[in-house]
Amino acid sequence: MEEAPVTTRIGTPVDGVHVLGSLSPSRAGDFRTCPLMYRLRTIDRLPEIPSPAATRGTVVHKVLEDLFDLPAAERTPEQAESMVQAAWEFVLDAEPELATMFAEPGPDGADGRSEIAGWLASCRESLRRYFALEDPRRLEPAERELYVEALLDSKLLLRGFVDRIDIAPDGAVRVVDYKTGRSPGVGFEGKALFQMRFYALVFWRTRGVVPALLQLIYLGDGQVVSYRPDEQDLRATERLLEALWAAIETARTTGEWLPSPGWSCQWCSFQDLCPAFGNEPPPLPQPAAEVTAASGS
């Protein structure tokens, strides 16, 4: 999932250490997808129009996090669906601007109510798909919404939030992430698993244990993508992230944040600032923003 604001952390001690910079899975994924999008989102920090799809993910994640606070016997589909309204109100209280996603109510309020009701129904549908894949009454996660970070030997700081960590009686670790979208097509699983390898690397570097299983649960179409990493995978992921940071530093030094047109452009909020669409990005902030401070946000 997308990283939430940090409240409580158990952090890697970096006092007195020269840290190159920091990366989260989301920001690393942004740069891999499009350096210009990374720049506009991370350095310029331009606002983006709230997305019903992304907010659905936030609400569903909130329900699934809170569901495991209940006694096992109460973790039923009906209970989860009943929690959607409260989860939406919690998210809306934190980000009131999300209300702008829906049409303004008409004179009788019907249009606005109908649109929100349909969207809340889609949240409940995602939860029904979750229960078709797992029975939470049989699970006791070791961690939920866990903030993790690791300082690599290269002094690059990795950080992010993991949806769920399960630990089996034999000590085997499963890293789980919920996605409210649809599963990737054949041949596109690698990009989807990049985030999970990132988390597995951080877990390995901080706890000395390679997770036995990485699992993406797609609630858009009720599919599960699983992968079993090994040390070789995680070392390769570490090298990839260090190379990615070097590329970010090069872009910062040269000021060349180039667009990378592709299928993801159709969902991009920055088309009106992109040369690929015949437009121009704004000047870089002055003085030049420090990527080191911004990239992990």
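Guide: A crossing of two helices is right-handed if the near helix is turned clockwise from the far one by less than a right angle. The model here is predicted.

Visitor: Which handedness does the crossing of α3 and α5 have?
Guide: The crossing of α3 and α5 is right-handed. The contact involves Thr55, Thr58, Val59, Lys62 and Val63 on the α3 side, and Val84, Ala87, Trp88, Phe90 and Val91 on the α5 side. Seven of these contact residues are nonpolar, two are polar and one is charged.

Visitor: At what angle do the axes of α3 and α5 cross?
Guide: The axes of α3 (residues 52–67) and α5 (residues 84–94) cross at roughly 120 degrees and come within 9 Å.

Visitor: Why is α3 called oblique to α5?
Guide: Angles of 65 to 115 degrees count as roughly perpendicular and those over 145 as roughly antiparallel. The crossing angle is roughly 120 degrees, and therefore α3 is oblique to α5.

Visitor: What makes β5 and β6 a pair?
Guide: Pairing needs at least two bridges. Strands β5 (residues 213–218) and β6 (residues 223–227) have five bridges, in the antiparallel sense.

Visitor: Why does Ile248 count as buried?
Guide: The cut-off for buried is under 20% relative accessible area. Ile248 has 0% relative accessibility, so Ile248 counts as buried. Ile248 belongs to helix α8 (residues 231–254). Its C-alpha atom is 9.2 Å from that of Tyr38, 210 residues away along the chain.

Conventions
Residues are numbered from 1 along each chain as its sequence is written. This is a predicted model: local features need pLDDT of at least 70, side-chain atom pairs count only at pLDDT 80 or more; totals for chains, interfaces and linings use all residues. Side-chain values use heavy atoms; hydrogens and water are left out. Axes are lines fitted to C-alpha atoms, for helices over the stretch in contact, and angles run from 0 to 180 degrees between N-to-C directions. Helices (H or I, at least four residues) and strands (E, at least two) are DSSP runs, numbered from the N terminus. Angles under 35 degrees count as roughly parallel, over 145 as roughly antiparallel, 65 to 115 as roughly perpendicular and the rest as oblique. Contact means heavy atoms within 4.5 Å. Ala, Val, Leu, Ile, Met, Phe, Trp, Tyr, Cys and Pro count as nonpolar, Asp, Glu, Lys and Arg as charged, and the others, Gly among them, as polar. Buried means under 20% relative accessible area, exposed over 50%, partly exposed in between (1.4 Å probe, protein chains only).
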